[in-house]
Amino acid sequence: MLFESFYILILAGFVGFEVIKRVTPTLHTPLMSATNAISGISLVGSLVAAGSDHFVSQMLGLVAVTAATINVVGGFMITERMLKMFKRKKRKQQ
Amino acid sequence: MINYPLEITYIIASVLFIMGLKGLGHPESARRGMHYAEIGMLMAVIGTLLGQSIVTWQWILIGLVIGSAIGTAMAIFMPMTAMPQRIAISHAFGALAAVLVGINEFIVKGSEITSGLMGALGFEVLFGSLTVTGSLMAFGKLQGVLRSAPMTYKGQNFVNIFLFFVTVGMFVYLVFFPQNTLVFGLMIALSFLIGIFIVMPIGGADMPVVLSLMNSYAGLAAAATGFAIDNKVLIIAGSLDGSSGFILSIIMSKAMNRSFANVLFGAVGTAQVDTSTLHEDRPITKINVEDAKFILEQADRVVIVPGYGMAVAQAQHAVRELSDELEKRGTKVEYAIHPVAGRMPGHMNVLLAEANVSYDQLQEMEVINPTMDTVDVAIVIGANDVVNPAARTDKGSPIYGMPIIDVDKARTVIVMKRSMATGFAGIENPLFYQENTKMLFGDAKNVLQQLIAEFKKN
C-alpha cells in the first residue's frame, strides 16, 4: 500500500513538473495562488477528523477545516480575480 | 474494502487539477483552467462528505462557514498590492491544516502506529510546522510587522544546522519507536522554531525564493498527509503544489545566480560586501521632466523596466498612462520583466495587469535582451540590481554572473530613482555613470505624473 502511494507521488510529481514548466512566467503569481488553493485539498483529511466521534479530533479538525477552507475558497477567488486582470488590449495599428 | 464511487470521484478530481494547471500555460486558457480545478475541488469535498464515515456534522459546518467567510473577505477586500503577504499567509494556512491532521492521526491511531505510518506522519508535521512559522515570518516581513532586513547573529548557521540535525534525529528515533508522544511533540516544537530561524536572516529581495520554497513545502506536507491517511488525491494535489514550488524556486535562484543553500544560509545584503573598491567618482547626468519628455518624443521603441520601487511608489497606473501617451504618438512600448523583480514570482506582471497593461506587452528578460541595442529609450523605474551591468562585466562584484536586463545597451537610458542609494545588494551601479544614462530623481509616481502632464500640454 505504501509502495503504491510512492508510484503515485513520483508520477504526479513528474506530471506536475512537465505541466508547470510550461506555465508562462507572466502567470507565476496566479500559479502560486492556484497551487495553494489546490493543496487546500488537505480539507479532505480535515473533514474526516472534524466529523469523527472523538472530541479532540473534532477540535483539531475544526481548526484544520477552517484553515483549509480559507485556502480553498480564498485561493480560488483571488486567483480568478488576478486572472481577470490579464487582458489583451486591442490596438488600432494591428 | 475499496469505496469505488469515492475513489472514482478522487481520480476525476485529480485529472481536473492537472487540467487546471495546464490552463495556466496561457492567459487565454487560464480562467477556464481554474474552473476545472474548482469543480475538481468541489467534487473531492462532496465525495468525502458522502463517502467517508462522518458521524458529526456541526464542527464541519462551522469550519466551512468560518473558513469561507474569511477566505471570501480576504479575496474581495485585499488590495492587489498586498498580494505577496496574501501568498505568504496562505501557505501558513495550508500547512497548518496538514499539521493538525497529522497530530490527529497520531492521537487517534495511538498504539497502532507502525514505522511506515510514522515515516509519513513525521514528514507531514515536520514540513508542515516549519512552513507554518516560516510563512508567518515571511508574512510579517512583507507586511512590515517585522523588520524586513536580514536578522543575523554570530553562529546563526551553526545553530540552524544543529537544530536541523536534532530534529531529523528525533524523526529517525520516532520511526523506530513510534509511540513516544514526548518526542513527537518536541519534534513539532523544534520544527516550528526552525521555520522561524530559516526565514529570519532572509531579506526582502530574497522573498521570491522563500515564497516559492514555502509553496513547495506546503505541497510536500499535503502529499505526506496523503500517505498518512492513505488518500491518493491528497498525494497528487500535494505533488502538484510541491513541483510548482520547486520549479519556481529553481527559476528564482537561477535569476539571482545563487544556489538554494546560498539563499537560505547566505543572508546576502549584510555587512560582508566590501563596497569601498567599487565606489565611482565619475559624474552622473541629471535631467528634469521636460528633458525626459524631449528624449521620449524622439523614440520609436521604448522599453520600461519596473522593479520593486514601482510597487512601493504604487506607480503602476502612472506607468501605464505614460505608455498610453507614448503609444498615442506611435511609439512601441514594451515592458521587460526580470524574474526576481519585486517580492514574489510574477509580482510586476500582476501589478501591471491590474493597471490594465496588455499582457502581450510584458516581455521576459530572455526575449528582450537580444533586441536591446535597437531600443531607443529604456526607462528603469525603481529597479537597480537587476539592471546592474557589473553582473556581466565585473568579476569582483557580488552579483557577477546574475542574469540582468541589458538596459545599458539601449541608446538612451532614463533611470527614475529616489536617490543615489544602492539597491538590495548594497553595491554601486555603473549604469548610472554611463554617458547614455540620464538620471531623473524623485518619487516614481510623482515624476511619472509630471511627465504625463508634460505630454498632455500639447
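View 1. Asp230(B) is partly exposed, because 14 other C-beta atoms lie within 10 Å. A residue counts as buried if 20 or more other C-beta atoms lie within 10 Å of its own, as exposed if 12 or fewer do, and as partly exposed in between, with C-beta atoms placed from the backbone. The model is predicted: local features need pLDDT of at least 70, side-chain atom pairs count only at pLDDT 80 or more, and totals for chains, interfaces and linings use all residues. Residues are numbered from 1 along each chain as its sequence is written, while chains are lettered from A and ligands numbered from 1 in the order in which they are written. Asp230(B) sits in the loop between helix 8 and helix 9 of chain B. Helices (H or I, at least four residues) and strands (E, at least two) are DSSP runs, numbered from the N terminus. Although Asp230(B) is not a glycine, its phi is positive, about 50°. Most residues other than glycine have a negative phi.

**View 2. Gln314(B), another residue with positive phi.** Gln314(B) is not a glycine either, and its phi is near 55°. The loop that holds Gln314(B) lies between helix 12 (308-313) and helix 13 (316-328) of chain B. With 15 other C-beta atoms within 10 Å, Gln314(B) is partly exposed.

**View 3. Helix 8 of chain B.** This helix covers residues 207-228, and its 22 residues should span 32 Å at 1.5 Å a residue. The expected span is 1.5 Å times one less than the number of residues. The end C-alpha atoms are 31 Å apart, which agrees.

**View 4. Domain 2 against domain 3 of chain B.** The domain assignment, which is automatic or from a database, gives domain 1 (1-77), domain 2 (81-266) and domain 3 (276-456). The centres of domain 2 and domain 3 of chain B, taken over C-alpha atoms, are separated by 36 Å. Their contact takes 18 residues from domain 2 and 14 residues from domain 3; two residues are in contact if their C-beta atoms, placed from the backbone, lie within 7 Å. On the domain 2 side, helix 4 (83-109), helix 8 and helix 9 (232-255) of chain B each supply at least two residues. That side has 13 nonpolar residues, five polar and no charged. Here Ala, Val, Leu, Ile, Met, Phe, Trp, Tyr, Cys and Pro count as nonpolar, Asp, Glu, Lys and Arg as charged, and the others, Gly among them, as polar.

**View 5. The sheet of chain B.** Six strands form an open sheet in the order 3-2-1-4-5-6, with parallel pairing; two strands pair if DSSP finds at least two bridges between them. Strand 3 (362-364) and strand 6 (437-441) stand at the edges with a single partner strand each, so one side of each has no neighbour in the sheet. Strand 1 (residues 301-306) and strand 4 (residues 377-381) of chain B run parallel and are joined by five bridges. Ile304(B) has Ile379(B) in strand 4 as its bridge partner.

**View 6. Chain A against chain B.** In this view, 77 residues of chain A are in contact with 94 residues of chain B. Helix 4 of chain A gives the largest share of the chain A side, 28 residues. The chain A side divides into 42 nonpolar, 27 polar and eight charged residues.
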